Amino acid sequence: MTDDTEVPIPSAALPAPLTIAQIKEAELVALSRAPEDVLMDRAARAVARVVREELVAAGQLVPNAHVVILAGSGRNGGDALLAGALLAQDGADVTAVEVSTSAHARGKELFDAAGGVLLNAIAESGLRAADAEVKTADLVIDGIAGLGGTAGLRAPADHLVSVIPSSAVIVSVDLPSGLDADSGEVTGTHVTANVTVAFTAPSWCLVTAPASGAAGRIVVADVGVDVV
Ligand SMILES: NC(=O)C1=CN([C@@H]2O[C@H](COP(=O)(O)OP(=O)(O)OC[C@H]3O[C@@H](n4cnc5c(N)ncnc54)[C@H](O)[C@@H]3O)[C@@H](O)[C@H]2O)[C@H](O)CC1
Ligand SMILES: [K+]
C-alpha cells in the first residue's frame, strides 16, 4: 500500500468486521513498519476526502463551509484534527472543540498551523463559545472517541452533540462516538452519523443492529494496516 493508492472501500463491499482486539493486533504489526503519525495522516486524508464529497453533495463549496470538529483526547480526536487541518488548507472555516482537558498534541499543532480555530469546552466560557459554533455548523466531524471509547457520551460532549442542527452533516471518525465498538448494543447517548469513515475494517457496532442504525453510510479506508 502506498499513499497514492489509498482507496476508500464503499459500503457495498465492506470487509468483514473485526473486534477492537483484532484491529489493535493488526495495528501493532503495522506500527512496527510505519510510525503512528503516518497511519494517522492516512486516516486524516480519508476523512477529509469524505468531508469534501459530503459538502459537494450538499451543494456547498468547501471554502464557504463551516466545519466543526469535536475532538476527544485520543487518536480518534487526532485523526479529526489532522483532517481539519487539511480542510482549513482548502479554505474551509474550521473550528475544533476539545471535549477533554487536552486533545492530541500533533493534531492540535498542525490544525493551528493551518489556520483552524481551537476552543476547549471544559471551562464554562469555552463551552458557551463551542455551543454557538456547533449550532451554526454545516458539517460536524465526530472525533470524540473511537476504538478506545466507552459506551455513552460524557459531558461536555453529550451536550454539544445534542445541539448539532438537523441540517448539519455528521461525519464520524472510525465509529459514532458513544457506541460500544464490539457489539450492536446501544446503552447510552451516542452520535448518529450520516457517514462513518472506518479504518482497516468495520467494528461490529457498524454492522450489528440496533447500533448500526447510527452509522449512516460506511466508508472503510485502507490506512496500511493488514488484517492478520
Ligand atoms: N485502526 C487503525 O489502524 C488506526 C486507528 N487510529 C485511530 O485511533 C483510534 C483509537 O485511538 P485511542 O487513542 O486508542 O482511543 P480513542 O481516540 O478512541 O479515545 C480514547 C479517549 O476518549 C475518551 N472517551 C472515551 N470514551 C468516551 C465517551 N464515551 N465520551 C467521551 N469521551 C470518551 C477518553 O478520554 C479516552 O482516553 C481509532 O478509533 C482510530 O480513530 C489511528 O488513526 C491509527 C490507525
Ligand atoms: K468517533
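Okay, housekeeping. Residues count from 1 along each chain as its sequence is written, chains are lettered from A and ligands numbered from 1 in the order written. The model is predicted, with local features needing pLDDT of at least 70 and side-chain atom pairs counting only at pLDDT 80 or more, while totals for chains, interfaces and linings use all residues; side-chain values use heavy atoms, leaving out hydrogens and water.

So, ligand 1. There are 26 residues around it, and Asp 79, Gly 146, Thr 150, Gly 152 and Asp 174 come nearest; being near takes a heavy atom within 4 Å. By class, that shell has 11 nonpolar, nine polar and six charged residues, with Gly put among the polar ones. Three helices, α1 (20-31), α2 (36-57) and α3 (75-89), each supply at least two residues of the shell. Helices here are DSSP runs of H or I with at least four residues, and strands are runs of E with at least two.

Now look at the backbone next to the ligand. An oxygen atom of ligand 1 lies 2.6 Å from a backbone N or O atom of Gly 146. For Leu 147, a polar backbone atom is 2.9 Å from a ligand oxygen, and for Gly 148 the distance from a backbone N or O atom is 2.8 Å. Our cut-off for a polar contact to the ligand is a pair of N or O atoms within 3.5 Å. The protein buries 87% of the 880 Å² that ligand 1 exposes when taken alone, by Shrake-Rupley with a 1.4 Å probe.

What about annotation? An unreviewed UniProt entry lists Asn 76, Asp 142 and Ser 177 under "binding site", and such annotations may be inferred rather than shown by experiment. They spread over 102 residues of sequence, yet cluster in space, the largest C-alpha distance being 9.6 Å. Asp 142 lies in strand β4, residues 139-143.

Most residues other than glycine have a negative phi, and most peptide bonds are trans. Here, Asp 174 has a positive phi, near 70°, and it's in the loop between β5 (169-173) and β6. Remember that Asp 174 was also among the residues nearest the ligand. Then two cis bonds: Ala 155 to Pro 156, omega about 0°, and Ala 209 to Pro 210, omega near 5°. Pro 156 is in the loop between β4 and α6 (157-162), and Pro 210 in the one between β6 (195-199) and β7 (217-221).

Note on methods: A polar contact is a pair of N or O atoms within 3.5 Å; within protein, one must be able to donate a hydrogen and the other to accept it, and residues adjacent in sequence count only if both atoms are side-chain atoms.
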